[in-house]
Amino acid sequence: MSEYTGIITENQNMTKDVYILRILLDNELGHRAGQFVNIEADIDDEKRIKAYSIASPCNQKKSIELCIKKIPGGKMSNYLYNLPIGSKLKITGPYGLFVVEDCKNNCIFVATGTGIAGIKPIIQDLLSRNCRKNIMLVYGVRKEEDIYYKHVFETLAKQYPNFSFVTTLSRPRTEWKGMKGYVQDWIKNNVKYTNQDVYVCGLPDMVEGVASVCKGLGFTDSHIHTEKYV
Ligand SMILES: Cc1cc2nc3c(=O)[nH]c(=O)nc-3n(C[C@H](O)[C@H](O)[C@H](O)COP(=O)(O)OP(=O)(O)OC[C@H]3O[C@@H](n4cnc5c(N)ncnc54)[C@H](O)[C@@H]3O)c2cc1C
């Protein structure tokens, strides 16, 4: 773990409540796909530290991307959103054990909302390292416009025959023709084999729900890997 000074180089709205923050670090971050950084800031005269998954591919070591949801009333998520380009940030990291050593088994990745930030770089890393196992992403969001990084996953699915993804919407509009419902239900109704690894990232209720469904299907604990955005 090291300390870095980051400079905000870009702040891009992804949807009405999610934005991408690009940060240039003063040194290379020797991180692995799936890890996160802590951002430390004085907000309203109080020191606050919050964790954010590194959403950019892990071969980008000096310029990182975070995918952040603006939480109503949330101190850090709104503070970062309102900082001007060029602002300096105190960053520590990398942290976290939500990484994939090697792909021995087929993998199912499950994310909801900004949980995709912890999953996207792992999928990109595995595919770029020529992992031959089947890699599936089950991505749950509320509405179609909340499917962050859609183009990235569409491109990967065209490029790599062993990668596929499904998006399931919990609050679809009537014209939505794709999957509907929660990721937990999708897993329960569609996953047939338990000799695969499941990686789940997002809010605690969803992560615990998916883990519980997987256990009910017969997955052993060693096949279930989780990252909770507590
Ligand atoms: C390992 C790890 C990685 C994370 N990665 C990301 C990431 O990539 N992107 C991201 O957006 N967040 C991520 N988080 C969550 C992030 O660290 C903050 O908790 C989040 O941004 C809210 O902080 P805040 O200071 O804005 O809200 P606070 O001021 O702490 O909270 C304000 C209120 O909102 C509630 N609240 C807090 N978080 C949420 C939430 N996510 N949804 C709904 N209500 C909430 C709180 O209970 C509180 O009532 C991650 C967390 C962990 C532990």
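Predicted model: local features only at pLDDT ≥ 70, side-chain atom pairs only at ≥ 80, totals over all residues.
Figure 1. The shell has 21 residues, and the closest to the ligand are Ala51, Gly74, Met76, Ser77 and Ala117. Strand 4 (46–53), strand 5 (63–69) and helix 1 (75–82) supply at least two shell residues each. Sorted by class, the residues around the ligand are 12 nonpolar, five polar and four charged.

Figure 2. The protein chain is divided into domain 1, residues 2–95, and domain 2, residues 107–228. Taken over C-alpha atoms, the centres of domain 1 and domain 2 are separated by 24 Å. Contacts between them involve 15 residues of domain 1 and 13 residues of domain 2. On the side of domain 1 that touches domain 2, strand 5 gives the most, with four residues. That side of domain 1 has 10 nonpolar residues, four polar residues and one charged residue.

**Figure 3. The largest nonpolar core.** This core has 59 residues, and those that touch the most other members are Leu66, Phe109, Val110, Ile119, Ile123 and Val210. The core lies between domain 1 (2–95) and domain 2 (107–228), because both give residues to it.

**Figure 4. The contacts of Val210.** Val210 is one of the core residues that touch the most other members. Leaving out residues up to four places away in sequence, Val210 touches Val110, Val183, Gln184, Ile187 and Val200. Among these, Val110 is also listed with Val210 as a core residue that touches the most other members.

Key
Residues numbered from 1 in each chain as written. Core = buried A, V, L, I, M, F, W, Y, C linked by C-beta atoms within 7 Å. Buried ≥ 20, exposed ≤ 12 C-beta atoms within 10 Å, placed from the backbone. Domains from an automatic or database assignment. Contact = placed C-beta atoms within 7 Å. Near = placed C-beta within 6 Å. Nonpolar A, V, L, I, M, F, W, Y, C, P; charged D, E, K, R; others polar.
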